[in-house]
Amino acid sequence: MTFANLPKLAGLLALAAWLILSAPLSAGAYPLFRTPSLQLPPGTSLSAYVGGLAPAGERTEIKMLDPADGALVPSDAASPILRWEDPAAPAWLISLSVDDRPVCRGIVDESSWAPDPALWARIKEGAGDRPIEVAVEGVAYGLLVSSGRTSFAVSPDPAGADIAFLRKRLPFRVAKDNPFDSQMVVGDLAEHGKPRVVMQDLPICFNCHAYSQDGSTYGMDMDYKGDKGGYALMDVGEKVTVRDRDVVSWNDYPPPKPAKYSMGLFTSFSPDGRYAASTVGETSAFIMLDDLYFSQMFYPATGQIAIRDRKTGKVVPLPGADDTAYIQTNPSFTPDGARVAFARATVKPELVADIEAGRLIREDPRQNILDADEKYPMQFDLWSVPFNGGKGGTPEPIKGASANGRSNFFPRYSPDGKWLVFTQCATGLVLQPDSRLVIVPAEGGEPRPLRANTGLMNSWHSWSPNSKWLCFASKGNSPFTEIYLTHIDDNGESSPPLRLFRLSHPELAAMVPEFVPPAAGIKQKYMDLADPDGAVGQSIATDGR
């Protein structure tokens, strides 16, 4: 199945006719289903047709695409999708079973299928937390000509929160030139329908966003009136209209040379939402590329961590993370607010000179990300520093996430304070093909790649409020980045990736997923600008962004 088929899939799910939904799940009695477009032989019942299917002498193997074998589904989530590749058949017999006992069976004529809400409730009730075995068999001329298998289970742990994320055009150049197409979206994992679009049709670019752990504070990068350091900073609300007074600027921090301005990259909040930490004083290593998968090489080549106090409005550097000899970025508070983790690398004067001379802007956009990486390599390590109410302290490297010959970045602590998950790759910071998620104890320790990593780009992750689930962005299935979910158990072990297919879009990349802390008890439904035309301005960017 391709993304072009998703509208057809949605119609298929809406039209799906379920038979015998009231039958008890006892031996020999289970729900049967078929898609309405699939025609049975005249005078043949569905049960007789399914019961009469016999295996062919030789059967080819079906490539199962979703769910990954052994994936876990939150107890409060809608049904996963089953998806496969099989050129051998026009229709397929699907059988779900638990402990070798059928739970449901049916015939479909599309190479994907998801249970509707009523059947999904019955499947969960019949399975509990036991593995659900999935068998898909190709049907041609009354014979079973191919077969494939996978399995998944419903975890007793709920996700317990919505996921907010952004959608944008690809490649980056197209998104930059078409801000009206960008969306902020919130997905309720329990819903079988589409996620709700909270914000769209804005004339300015908006990017990374964040919530405070207590659910009270929300912030989003906005190129408000051309200010690359513009940041919408507000209380979480059901309906929010952004006015001039809601937008602060990280350019309140005077950037040390050679930086010409501050962008306020990768902002995060203290647990209570009072303090915002961000990268300031950036000089950006940025190359815009034409590739649909990896359309930019980007990382700050200079930068310090600054703290904005929402109570006083002051912006000050964080001592221990403000050394101009280093690049300091990706700040992240520990859940008790005592420390701030960040990515650090040594400033390369020759790279800064290349940026100032405009050499990176003139790079050929037809090259690929690996070519750009080879010309301008950069590796970050993870460090942490005491917060001390913004007074900082002495920074220390995080064991297992530093001095390992790799680039380590995007540290995110589990809300229970037990784990730290970060992104790792050979070089760079964002949009790297080999990036993977790695877990260590919160205080540092032996690093372990997550089992949930797909084969291509795993990054920008967020913990569920109960510390049981991690959502992340990946290109493992499509150039249009999608959102995946994995369960993290008490030992820090990760389940295989679960693709959240209902959050995907056939033409827009889903990125920057963030669990929405439910503590405030507010469902975000609407966000816009009070004066869209007045929010437009000439960009101060000098790096091509």
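Colleague: Before we start, which pLDDT do local features need, and how does the numbering run?
Modeller: Residues are numbered from 1 along each chain as its sequence is written, and side-chain values use heavy atoms, with hydrogens and water left out. This is a predicted model, so side-chain atom pairs count only at pLDDT 80 or more, totals for chains, interfaces and linings use all residues, and local features need pLDDT of at least 70.

Colleague: What volume does the largest pocket have?
Modeller: A pocket here is an open set of points on a 1 Å grid over the protein atoms alone, with protein on both sides within 12 Å along at least five of seven lines. Grid points are joined across faces, edges and corners, and a volume is the space filled by probe spheres set on the points. For the largest pocket that comes to about 610 Å³.

Colleague: Which residues are closest to the centre of that pocket?
Modeller: Lining residues have an atom within 4 Å of a point, and the largest pocket has 33 of them. By class they split into 19 nonpolar, 12 polar and 2 charged, where Ala, Val, Leu, Ile, Met, Phe, Trp, Tyr, Cys and Pro count as nonpolar, Asp, Glu, Lys and Arg as charged, and the others, Gly among them, as polar. Closest to the centre are Tyr-211, Ser-332, Arg-412, Tyr-413 and Glu-514.

Colleague: Which strands each supply at least two residues of the lining of the largest pocket?
Modeller: Strands (E, at least two residues) and helices (H or I, at least four) are DSSP runs, numbered from the N terminus. The strands you want are S15 (206-211), S20 (265-269), S24 (326-333), S28 (407-413), S32 (458-463) and S36 (509-515).

Colleague: And the largest cavity: which residues lie nearest its centre?
Modeller: A cavity is a set of points where a 1.4 Å probe fits but cannot get out; the structure holds 1 cavity of 30 Å³ or more, and the largest has a volume of about 740 Å³. Its lining divides into 19 nonpolar, 6 polar and 8 charged residues, with S15, S20, S32, S36 and helix H4 (172-177) among the elements that each supply at least two. Nearest the centre lie Asn-207, Cys-208, Gln-296, Met-511 and Val-512.

Colleague: How many of the residues of S15 are buried?
Modeller: Buried means under 20% relative accessible area, exposed over 50%, and partly exposed in between, with a 1.4 Å probe and protein chains only. S15 is mostly covered, and the buried count is 5 of its 6 residues.

Colleague: In S16, what is the bridge partner of His-209?
Modeller: Two strands pair if DSSP finds at least two bridges between them, and S15 and S16 (residues 217-222) pair in the antiparallel sense over 4 bridges. Their hairpin has 5 residues between the strands, and Gly-215 there takes a positive phi near 75°. The partner of His-209 is Met-220.

Colleague: Which residues touch the most other members of the largest nonpolar core?
Modeller: A nonpolar core is a set of buried Ala, Val, Leu, Ile, Met, Phe, Trp, Tyr and Cys residues joined through side-chain atoms within 4.5 Å. The largest has 72 residues, and those with the most contacts are Met-184, Met-222, Val-242, Phe-266, Met-297, Tyr-299 and Met-527.
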